[in-house]
Amino acid sequence: MHQPDLTVANALLPRFDASPTPYHAVQTVIAQLTAAGFVDVSESAASVPGRQFWHDGGALIAWATAPDHTAAAGYRIVGAHTDSPNLRIKPNPETQSTGWKQLGVEVYGGVLLNSWLDRDLGLAGRAVVRTPDGAATRLFRDDRPILRVPQLAIHLDDDIRATGLKLNQQRHMVPIWGGLAETPDFRTYLADALDVDADQVLSWDAMPFDLTPAAVVGLNQEFIASARIDNQLSCFLAVDALIQAADQPGSRIPMIGLFDHEEVGSVSATGAAAPLLSSTIARIQEQLGGSAEDAARSRRDTLVISADGAHATHPNYADRHEPDHQIHLNAGPVLKVNANQRYATDAITAAAFELACEAAGSPMQRFVTRTDLRCGSTIGPATAALMGVAVLDAGCPQLAMHSAREMCGVADPGHFAAVMHEAMIA
Ligand code: CO
């Protein structure tokens with residue numbers, strides 16, 4: 001039997017498991033960058049040359065400058081997003097019904113609601129706690145199965161058999177928190193988890209997550225099943241590629257931009273619609289003694305790979321896909337094209353991607369959505385518009401995008417990281 005190479009997959013699984021929220025994803029990335037000699041310049045001056053990063057909540061920018069990089073050097077950037085559709089605890093979460101204590105949740109992004117039912121849910125996020133000199137942000141994570149959204153029994157709804165369960169975001173996704181008598185209110189629970197007093201808990205960004213660990217699955221160990229493949233997969237591959245590129249400096253400056261809030265349109269202080277890449281580049285160019293003229297040269301010579309999940313063709317819904325652009329798992333990273341600029345790729349940047357795939361010895365596939373269906377989008381178009389630089393959209397093929405448990409191939413991530421690497425050192 002064919003034994004696939006699971007090196008890349010096995011390195012990914014623990015990173016998915018370590019990252020139940022965008023904030024935890026950034027911490028996962030920071031641990032890897034720090035081990036590779038990157039220095040946190042969030043609170044201190046950047047300097048050149050150097051391997052550096054800054055971070056804020058669910059966003060992180062990292063780069064590596066070498067001694068012969070000039071202010072006019074172009075950038076080779078991989079952009080991705082740290083957030084995934086999920087459920088988020090409301091500010092006044094206490095609610096109850098028929099003798100149950102429940103926690104009110106908002107639905108974040110385009111969640112496949114059914115995929116969250118009957119799962120053992122932990123809870124993670126960040127909280128701001130009162131301190132003697134003001135307030136401090138603390139990450140928290142509870143790996144116990146403390147929340148659950150049970151589905152309705154099939155006997156109780158005639159429609160389920162015929163058309164499937166119709167789920168209302170407000171009424172049907174409210175997790176059970178426990179019995180009335182014994183269950184603490186949420187603030188008390190959180191204070192306990194953070195080891196502070198309840199009146200110290202000021203606020204939170206808290207999200208249930210599926211406790212099922214990421215796994216290699218399939219008879220031939222061909223697939224990865226995990227939460228948050230969209231888009232932590234691209235984030236982790238971007239970090240791998242950057243760390244490798246830092247050891248092999250070319251004439252361009254390798255950089256990664258990991259952003260929050262893509263799933264809700266990117267418009268936030270830590271989203272791709274904020275000028276985080278441009279301001280970081282301006283910061284580096286000033287360190288390199290650059291002028292506005294250098295900045296213009298640099299912009300002309302910059303390429304961004306907007307890395308995000310791509311739809312593989314679903315065998316049970318083949319008619320939902322463009323018949324002449326079928327996409328398969330383990331057949332290589334996918335270049336995404338949309339004439340209406342839902343993806344930023346054009347002929348020029350498509351060619352750059354094809355050449356990077358050739359250099360990496362990677363297969364590649366080309367995706368367009370059916371022209372009578374609405375196309376998804378990415379950080380690509382916003383990044384192109386904000387920076388005025390060349391951008392392409394590409395990603396690993398996957399099934400069940402926005403499910404609580406998604407699926408991709410074991411071979412594509414290694415290929416995509418190699419393509420990112422080739423692009424960075426070109
Ligand atoms: Co995505």
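Author: The lining of the second largest pocket divides into nine nonpolar, five polar and three charged residues. In this count Ala, Val, Leu, Ile, Met, Phe, Trp, Tyr, Cys and Pro are nonpolar, Asp, Glu, Lys and Arg are charged, and the others, Gly among them, are polar. The model is predicted, so local features need pLDDT of at least 70 and side-chain atom pairs count only at pLDDT 80 or more, while totals for chains, interfaces and linings use all residues. Residues are numbered from 1 along each chain as its sequence is written, and side-chain values use heavy atoms, with hydrogens and water left out.

The second largest pocket holds about 390 Å³ of space. Of its 17 lining residues, Pro-150, Gln-151, Leu-152, Arg-171 and His-172 are the closest to its centre. A pocket here is an open set of points on a 1 Å grid over the protein atoms alone, where a 1.4 Å probe fits, with protein on both sides within 12 Å along at least five of seven lines; lining residues have an atom within 4 Å of a point. Grid points are joined across faces, edges and corners, and the volume is the space filled by probe spheres set on the points.

The largest pocket has a volume of about 1,300 Å³. It is lined by 42 residues, of which His-311, Arg-374, Gly-376, Met-401 and His-402 are the closest to its centre. By class, this lining has 14 nonpolar, 17 polar and eleven charged residues. At least three residues of the lining come from each of domain 1 (7-84 + 227-425) and domain 2 (86-210), with bounds from an automatic or database domain assignment.

Now the backbone. Most residues other than glycine have a negative phi, and most peptide bonds are trans. The bond from Val-48 to Pro-49 is cis, with omega near -10 degrees, and Pro-49 sits in the loop between β1 (39-40) and β2 (50-56). Helices (H or I, at least four residues) and strands (E, at least two) are DSSP runs, numbered from the N terminus. The bond from Asp-230 to Asn-231 is also cis, with omega near 10 degrees; Asn-231 belongs to helix α5 (residues 229-246).

Thr-98, not a glycine, has a positive phi of about 45 degrees. Thr-98 lies in the loop between β5 (86-97) and β6 (100-108) and is exposed at 73% relative accessibility. Buried means under 20% relative accessible area, exposed over 50%, and partly exposed in between, with a 1.4 Å probe and protein chains only.
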